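Subject: Handover of a structure and notes on its features

Dear colleague,

Please find below the structure that I am handing over to you.

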Amino acid sequence: MPIKITDTIKKLLIVYGVVFILQQTGDRMGWHITSWLGLIPVEILSGKIWQVFTYSFLHADVMHLVLNLMIFAFVGGEIEAMWGRRKFLAFYFFCTTLAGLVYLIIQLALWNPAYLQMPLVDASGGMYGLLVAYAVIFSERELLFMMMFPMKAKQFIMILAGVEFLQALFSGQGGLGAFAHLSGMGAGLLFMWLQARGIQMRKNGGGSKKKNQSHLRLVKTQRPEDDEEDGPTTWH
């Protein structure tokens, strides 16, 4: 599996690393960075709506950070090289935001006071969205499941989705993070479907317009003295 570290990926890797250091150091010094930037349902109800966007920059531990950054480096670079920076960032943050919103809605619906005050910190919604995009674009590429078993990208993502679905169903309220992961996958598919639909609509609209225009002609009627010319002159 090729690694392509683009400029955007490189900057985001640095940002995630710096934010993690600040988060871990700041929380130990009493700055409560996780409380301010992590997604905490009761805090959002009190007005901290930015947490829906900022939670994805935080991580619980080093292993969590490393795994997400590995996905970013292995998968994100190729996708950004194909899509461009603007579309890549729009896709990524669409996935993280929608994953956070779904998690928030489920927590509020269940309304367990113990969980309503627990922060969600994770970029996995965006990472799972990137994995879905990779599986759609490079479906025949090989990935290592559990870092050991090679399989095609389309098979990898189906197994991963199945594992997350089972965890969401049978892990109780502690498995709500799995719903955020599944929501990131769904957001990735939704983004690509909306884009494909928009492109198709533009093509259809452009085709109809072109077809109508092809029937328009400006005809110059000839005077009798121009009879030596063959037929009328037309402009398209």
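The notes below go from the chain as a whole to individual elements and residues.

This is a predicted model, in which local features need pLDDT of at least 70 and side-chain atom pairs count only at pLDDT 80 or more, while totals for chains, interfaces and linings use all residues. Residues are numbered from 1 along each chain as its sequence is written, and side-chain values use heavy atoms, with hydrogens and water left out.

Overall picture

The chain holds 10 helices and 4 strands; helices (H or I, at least four residues) and strands (E, at least two) are DSSP runs, numbered from the N terminus. Read from the N terminus, the order of the elements is α-α-α-α-α-α-α-α-β-β-α-α-β-β. The chain has 236 residues, and 38% of them count as buried. Buried means under 20% relative accessible area, exposed means over 50%, and partly exposed lies in between (1.4 Å probe, protein chains only). The accessible surface of the chain is about 13700 Å², and carbon and sulfur atoms contribute 66% of it; accessible areas come from the Shrake-Rupley method with a 1.4 Å probe, and for residues only the protein chains shown count as cover. Among contacts with a separation of 6 or more, 67% are between residues 24 or more positions apart, where contact means heavy atoms within 4.5 Å.

Helix 6

Helix 6 covers residues 85-110, 26 residues in total, and spans 38 Å from its first C-alpha to its last. This is close to the 38 Å expected at 1.5 Å a residue, the expected span being 1.5 Å times one less than the number of residues. Its buried residues include Phe88, Phe91, Tyr92, Cys95, Ala99, Tyr103 and Gln107. An α-helix has 3.6 residues a turn, so residues three or four places apart point the same way. After helix 6 comes Trp111, which has a positive phi, near 50°.

Strands 1 and 2

Strand 1 (residues 142-145) pairs with strand 2 (residues 149-152) in the antiparallel sense, over 4 bridges; two strands pair if DSSP finds at least two bridges between them. Leu143 and Phe145 make up the covered face of strand 1, whereas Glu142 and Leu144 make up the uncovered one. In a regular strand the side chains alternate between the two faces of the sheet. Leu144 has Pro150 of strand 2 as its bridge partner.

Salt bridges

A salt bridge is a side-chain nitrogen of Lys or Arg within 4 Å of a carboxyl oxygen of Asp or Glu, and 6 are counted by this rule. Lys152 and Glu140 form one of them, at 2.8 Å from N to O. That pair links distant parts of the chain, with Lys152 in strand 2 and Glu140 in the loop between helix 8 (124-137) and strand 1, 12 residues apart. Lys152 is partly exposed at 33% relative accessibility, and Glu140 is partly exposed at 45%.

Salt bridges that share partners also join Asp7, Lys11 and Arg85 into one network. Between Lys11 and Asp7 the closest N and O atoms are 3.2 Å apart. These two residues are 4 apart in helix 1 (residues 7-28), and so are separated by about one helical turn. For the salt bridge of Asp7 with Arg85, the closest N and O atoms are 3.1 Å apart. This pair links distant parts of the chain, Asp7 in helix 1 and Arg85 in helix 6, 78 residues apart. Lys11 is partly exposed at 47% relative accessible area, as is Asp7 at 38% and Arg85 at 42%.

Individual residues and a surface patch

Gln51 belongs to helix 4 (residues 51-54) and is buried, with a relative accessible area of 0%. Leaving aside neighbours within four places in sequence, its contacts include Trp36, Leu39, Ile40 and Glu43.

His181 lies in helix 10 (residues 176-213) and is buried at 13% relative accessible area. Not counting residues up to four places away in sequence, His181 touches Asp122, Ser124, Tyr128 and Glu164.

On the surface, Phe165, Leu166, Leu169 and Phe170 form a nonpolar patch with about 460 Å² of accessible area together. Patches are made of residues with over 30% relative accessible area and no salt bridge, with like charges joined within 9 Å and nonpolar side chains (Val, Leu, Ile, Met, Phe, Trp, Tyr) within 5 Å. Phe165 sits in helix 9 (residues 153-170) and is partly exposed, with a relative accessible area of 45%.

With kind regards
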